[in-house]
Structure formats: structure tokens, C-alpha cells
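Student: Hey, I've got a new model open and would like to walk through it with you. Can we start in the middle and work outwards?

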Amino acid sequence: MTTASIAQPDPAPTPDGGAAGELMSDFSSPGAAPTSWADALTVLQTAEIFWLSTVRPDGRPHVTPLITVWADGALHFCTGRTERKARNLEENPWCVLTTGTNLMSEGLDVVLAGAAERLTEDHVLRRLADRWACKYDWRFDVRDGAFWDSEAPSEDTPSDEPAAGEAFVFQVRPVTVHAYGRGEDYTATRWRFDGGASVEA
């Protein structure tokens, strides 16, 4: 995987101020309107927990919760360099990030699919570290192309040992986004983005 800059041109705006979504009528209430990109983007920006799905080298799935920040049209997350998800992404960068609610009668679930790229430019990581601190009150140090955190636990760190170390930072630009709304109407909306282009509204 290559180092990537998180600044890319945005697509031309559509009337709702973002990307135009396609209503998947087979999975939506009769007469329902598609979810606006603004509503989906709000979830991508504000959700505190996402579930990251990756694929093990032997083909088995791996799913784990983590925290993310949205910046410059992409979701970003970090993980210890030896953790299973980091090792999976080394073999296969394609992944899915999912967030939403577990309620039947309300809420908006959002599913973003794309390829994860590791970011290593310190000036980019410092800007992302500021986003983490603002959203979660969790401050990472930046050096040698990675986040460093002396407090965050690792999947491979025994519970009786102090956790410390390096965290790789990944960026996922969406190739597809699905939003599933529940409430007065049930809606399923899909967005497609060529080549994982930036989708900042």
C-alpha cells in the first residue's frame, strides 16, 4: 500500500449539496424518497463507533469495532501494526465500515465500502490527530509516519501488561455508500463513486 494525500478534488455538487443517491426501490417503502447525501454525511461525520470488516488471508471474515474520523471525503481509522485488521489489510485492502442503530423503528444505518490506504506523511497525520482530539478527546502523538499512543490497548496486548506503541493510520475513500433509513418510511439508498473519489459535500 502506498502513502496517500487526503486532499483530492471534490465532484461537482448536486442540488442537495452532495452526491446524488439512487433509491433501491425493492428495499424501500412505496413512494419513499432517497436519503439525502447530507443526512448520510452527518452520520459519517458524527458516529462514534464503526464496525470494520476485513478478510483474513485464508478468506475468513474479521469484524471489529473502532473509532473513526471523517476528513476530506474519506473515513480514517487507526490500528496497531500487529493487530489482525492491519495484517488483513496488508494482504487485501478492501474493507467495509458500518455504523447505525439496532432499532427497528428509527435510525439511519450507513455502510461504506472501499480500499484502505495507509497514510504516512507526518503533516497529514498531525492534522488527523487534531480531528481525533476534537471528536474523542484522545490525543495521539505523531512520529515516523504513524500515531503513537501510550494508553490505547492492543488486541494482542495481555490485559495485565501496559499497552503502548505504534498505530498505523488508514484512509478509506468510498467506492460505494449505502444508507438504510427506518421510521415512517423504510429507505435504501446507494451512492457510487468512481475510483473512490472524494465525496465531501
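**Around Leu97**

Student: Which residues is Leu97 in contact with, leaving aside neighbours within four places in sequence?

Tutor: In this predicted model, Leu97 is in contact with Phe50, Trp51, Leu52, Leu66, Thr68, Leu75, Phe77, Val110, Val111, Leu112 and Val172.

Student: OK, and which residues have the most contacts inside the largest nonpolar core?

Tutor: Leu97 is on that list, along with Trp37, Leu44, Phe77 and Leu112. The core has 27 residues. Helix H1 (37-46) gives two or more residues to it, and so do S2, S5, S6, S7 and S10. In soluble globular proteins, nonpolar side chains tend to be buried together.

Student: What does the second core include?

Tutor: That one is separate and has 16 residues, among them Ile67, Cys78, Trp132 and Val142.

Student: Switching to helices. Which residues of H2 are buried?

Tutor: H2 covers residues 84-91, and its buried residues are Arg84, Lys85, Ala86, Asn88 and Leu89.

Student: And what covers them?

Tutor: The cover includes strands S2 (50-55), S3 (61-66), S5 (74-80), S6 (94-99), S7 (107-119) and S10 (165-182).

Student: Cys95 then: buried or exposed?

Tutor: Cys95 is buried, because its relative accessible area is 4% and the cut-off for buried is under 20%.

Student: Cys134, buried or exposed?

Tutor: Cys134 counts as exposed, because its relative accessibility is 71% and exposed means over 50%.

Student: New topic, Ser28. Where is it?

Tutor: Ser28 sits in the loop between strand S1 (22-23) and H1. With a relative accessible area of 14%, Ser28 is buried.

Student: What does the side chain of Ser28 reach?

Tutor: The backbone oxygen of Met24, at 2.9 Å. Not counting residues up to four places away in sequence, Ser28 also touches Leu23, Tyr186, Thr187 and Ala188.

Student: Last thing, confidence. What's the mean pLDDT of the chain?

Tutor: The mean is 84, and 80% of the residues reach 70 or more.

Student: Where does pLDDT stay under 50?

Tutor: One such stretch is residues 159-163, which has seven contacts beyond four places in sequence in the model. Residues 196-201 are below 50 as well, and that stretch has 29 contacts beyond near neighbours in sequence.

Methods: Residues are numbered from 1 along each chain as its sequence is written. Side-chain values use heavy atoms; hydrogens and water are left out. pLDDT is the predictor's confidence in each residue, from 0 to 100. Contact means heavy atoms within 4.5 Å. Buried means under 20% relative accessible area, exposed over 50%, partly exposed in between (1.4 Å probe, protein chains only). Helices (H or I, at least four residues) and strands (E, at least two) are DSSP runs, numbered from the N terminus. A nonpolar core is a set of buried Ala, Val, Leu, Ile, Met, Phe, Trp, Tyr and Cys residues joined through side-chain atoms within 4.5 Å. A polar contact is a pair of N or O atoms within 3.5 Å; within protein, one must be able to donate a hydrogen and the other to accept it, and residues adjacent in sequence count only if both atoms are side-chain atoms.
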